[in-house]
There are 2 protein chains.
Amino acid sequence: MELEQIGKYLEEHDCYTILTHKSPDGDTLGAGFALCEYLRRMGKKANVLNGEGFPDRYSFMYMGCEPQEFEEQCVIAVDIADTNLLGSGLARYAGEGMIDLCIDHHISNKYYAKESYVDGRASAACLILYELFKLMGRPINSHIAMCLYTGIATDTGCFKYENTIPEAHIAASELIKYDFGFSVVNRKMFDIKSKGRIQAENFATDNMEFFCGDKCAVIVLTTEMMDSCGIEPAEFEGMASIPLSVEGVEIGITIRQRHEQVYKLSVRTTETLDASAFCRQFGGGGHIRAAGCEIRGTLDEVREKVMEAVGRLGL
Amino acid sequence: MELEQIGKYLEEHDCYTILTHKSPDGDTLGAGFALCEYLRRMGKKANVLNGEGFPDRYSFMYMGCEPQEFEEQCVIAVDIADTNLLGSGLARYAGEGMIDLCIDHHISNKYYAKESYVDGRASAACLILYELFKLMGRPINSHIAMCLYTGIATDTGCFKYENTIPEAHIAASELIKYDFGFSVVNRKMFDIKSKGRIQAENFATDNMEFFCGDKCAVIVLTTEMMDSCGIEPAEFEGMASIPLSVEGVEIGITIRQRHEQVYKLSVRTTETLDASAFCRQFGGGGHIRAAGCEIRGTLDEVREKVMEAVGRLGL
C-alpha cells in the first residue's frame, strides 16, 4: 500500500484497535497514541493496546486518552515487525488474517498483515505517521506532536544515530513548534535516572567484561541484581547502550535475565558490524546497529552461546 | 552589525586570526575551524587560535588545517562572551580594541569587540555561521559541514535541550547530507568514554551529595581523584550533566579543581532555575540552563560559598 492509500483507508473505516509491541518503547507508543488521537479527531473510534500494559515513564503519552467502547472493525499494528512481538497479552491477534494493516520501519518486517506499509529508511514509525498526517492534511495538535516527536527522538537516540535521515530533522523542526516542551520530554527519555538506576549502572560498569582485545564488552543483569536496585524493568532498556560507550568497543552486549532460564540479549554495534544479523542467529532481529533476541538456558549456557557467536565475528 | 554586513566584512578583508575560548568545546572550535576553512576557500588567509591548545578529542576538526604564515590584519572571536574567556594564552588580545569582530550566541556577551554580532536565540555560534555562509552563497564542503554540525550538536546536547530552535534542526537536515559521518561524530562527542572516564563517573556518582530534599545534587572532582583515573581534563566537561540527571534534581553542580585553590563550577538547571544568574554571583555566566564560574579558596570555603548560594534559591 502507498501512503496515499493508507490515508484513504483510514478515512473510509472506523473502530480501530491499534497494537503496539511488547517491551514498548517511545516509537511504538508514540505511533500508537498519535494515530489514536488523529483518528479520534477525525470522528473515528480508536484504542491503543499493549500486551503488557503501558509503562509509567510514558504516561505523558497516554494520560487523558481514555479507552473507548466499540466493536472493533480494523486492527492496525504500529512499529511491529513480527507477530511474535505482540507478546502473550495480545496473542489473540497473532493468527493469520487478524491484523488488517501494519505501519512499520523495520526492514526485518515479516509482512504478516493483510496490508503493510514498511519504509526501512524511515528513522521511526512516528516519522512515517508524520508524513502520513501531512499527506492527509488534517491539523495535528500539541499532543500528537509530542507523541510523534518522542518516537522519532527515542528511535534515533535524539538524532544521534546513523538512522537519522534529514527528514527526521525536518519533522522535528516542525513538531517542536507545537510547544509541548520537547526538552522536558527529552530529559525524561534520555537524562533522568533514579538513584536505583545510577546504582545499577555503576554495578554493571564495575562488572563489565571485555573480550577480543576490548572490542567486545558484555554486561550481565540478573534478576537478583535488578531487584536489589528496586527499579522498573523498563528502566533497564537504556542500559543496553552502555557497553558500546566504552572507547574501542565495536560490539556491546547486554544480557538481561527475564525469567529463570530466559535471557534477553540487547546488541549494539559500531559501523563495522551488523547487530541485526548477529541476533538473527538466535531468532531475533532489529536494526543494523541495534538489535535484540531471546536465548533460553542457564546463564552459563547463554553466555557460552553468545561468546561462540562473538568468536565467529573474527574481531 | 547585521549578518549581511558581516558577510561583506569578510569579503573585503584578509589575514584573519580567529580566537576560540578557553576550555574549548565543540561550538567554539566548530565555529573557528568552519570559519577558517570557509575563508581559506575564499582565497583568504586565516588561522584558528586557542590559548590552551586544541584537545585531542576534537582532532577531527583541526586535522589537516595547517597554520598559515601571514601578518594578522583582522581578529575575530567566535563563541566568546567575554575577554576573560580568552585564557592566559590569548591574554594579548584582551586589551581594548584588539578584537575587530565577535560572533556569538551568549546573551551575556560583553560587547568587547569593535563590531559584534550576537544572537542570543541561536542554539550555537555554529548556527549563526551556518546562516552566514548560506547568506554569503559560497558552497561549503563536508569538513565545514562537520564542524558546523558538531557545534550545533554539542551545544544543544544533540538537539535535546530547550535551546534547540527549529532552525537548528533545519540546519542539521542540510548538514548531514554532506556525508561526513555525523553518527561517528556524535558517538565521539556524546557516547564514547574511556575506561578511566567510566571509573571517574562511578566515583563521582557514588560520592554525589544531595541537599534541599534531593533538589540539589553536587559532585566534587579533585585533582587527586582526576589524576587517579588518568584521563584528560577535557573528558571531564561532560560530567557536569551528571548531577542534574538524577530524578527530582533541579540544580546540579559540579565542582572541579583546576589549581590548588581554584575551583571551576559547572551549573545545570531544570526549567525552574536560572543557571546563568546563579553563576553571575561569582563573576561567571553562560546560558539559562548551563553556566559556569570560577571560585577561589580551599575546597571547604568553595563548598560553603556554593551552599550559601544554593540556600538562597529557597528550594
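Reply: The contact (heavy atoms within 4.5 Å) takes 40 residues from chain B and 40 residues from chain A. About 3300 Å² is buried between chain B and chain A, and carbon and sulfur atoms give 58% of that area; buried area is the accessible area (1.4 Å probe) that two parts lose on being put together, summed over both. B:Lys160, B:His169 and B:Arg187 supply 19% of the area that chain B buries against chain A, more than any other three residues.

This is a predicted model, in which local features need pLDDT of at least 70 and side-chain atom pairs count only at pLDDT 80 or more, while totals for chains, interfaces and linings use all residues. Residues are numbered from 1 along each chain as its sequence is written, chains are lettered from A in the order in which they are written, and side-chain values use heavy atoms, with hydrogens and water left out.

B:Ser173 lies in helix H6 of chain B; helices are DSSP runs (H or I, at least four residues) numbered from the N terminus. B:Ser173 has a relative accessible area of 1% and is therefore buried, a term that means under 20% (1.4 Å probe, protein chains only). Apart from neighbours within four places in sequence, B:Ser173 is in contact with A:Pro166, A:His169 and A:Ile170. The C-alpha atoms of B:Ser173 and B:Tyr149 are separated by 9.7 Å, with the two residues 24 apart along the chain.

B:Tyr149 is also one of the residues in H5(B) that meet H6(B), together with B:Ala145, B:Leu148 and B:Ile152; their partners are B:Ala168, B:Ala171, B:Ala172 and B:Leu175.

Conventions. Helices (H or I, at least four residues) and strands (E, at least two) are DSSP runs, numbered from the N terminus. Buried means under 20% relative accessible area, exposed over 50%, partly exposed in between (1.4 Å probe, protein chains only).
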